[in-house]
Amino acid sequence: MAEEKSALQSAREWVVDHKLRAVGTLWLSGIAGSIAYNWSRPGIKTSVKIIHARLHAQALTLAALAGSALVEYYDHQQGSGSKVHQYAKQYLSSDGSSQKE
C-alpha cells in the first residue's frame, strides 16, 4: 500500500510541476482517440467526424484544466503553495533585503 501511495504522490507531483504538458498530452490523446472512434462509425460524413472529435477533445481539455485547478487549490490548502508563491517569496524577500542596504 505504501508503494501505491508513493507512486500516486509521485504522479501528482509530476502533474503539479508540468500542468500544461499534462493538459496538452491529455488533449492530444483525447483527439486521437475520438478520431479513431469516429472513423469506426460508418455512415457519418468526414466533416462531422472531425467536428465531433474536436468537441470531444475540447470537453476533455476543459475537464483537464478543471482538474489542474483542483490540484493547484489542493496544494495551496496543504500549505506547499504553488511555484508562483514560492518564487515570489524567494525573490521578493531577497529584493527587499538588498534594497534596504
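At roughly what angle do the axes of helix α2 and helix α3 cross?

## Two helices side by side

The axes of helix α2 (residues 19-39) and helix α3 (residues 46-78) cross at roughly 150 degrees and come within 8 Å. That makes α2 roughly antiparallel to α3 (a label for angles over 145 degrees). Here the axes are lines fitted to C-alpha atoms over the stretch in contact, with angles running from 0 to 180 degrees between N-to-C directions. In the contact of α2 with α3 there are 12 nonpolar, 8 polar and 4 charged residues; Asp, Glu, Lys and Arg count as charged, Ala, Val, Leu, Ile, Met, Phe, Trp, Tyr, Cys and Pro as nonpolar, and the others, Gly among them, as polar.

## About the model

This is a predicted model, where local features need pLDDT of at least 70, side-chain atom pairs need 80 or more, and totals for chains, interfaces and linings use all residues. Residues are numbered from 1 along each chain, and side-chain values use heavy atoms, leaving out hydrogens and water.

## The whole chain

The protein chain has 4 helices and 0 strands (DSSP runs, H or I of at least four residues for helices and E of at least two for strands, numbered from the N terminus). Of its 101 residues, 17% are buried, meaning under 20% relative accessible area with a 1.4 Å probe, protein chains only.

Let's look at Ser34, which lies in helix α2. Ser34 counts as buried because its relative accessibility is 6%.

The charged end of Lys49 sits over the ring of Trp39, 5.3 Å from the ring's centre (for Lys, NZ must be within 6 Å of the centre and within 35 degrees of the ring normal).

Conventions. Parallel < 35°, antiparallel > 145°, perpendicular 65-115°, else oblique. Buried < 20%, exposed > 50% of the residue type's maximum accessible area, 1.4 Å probe, protein only.
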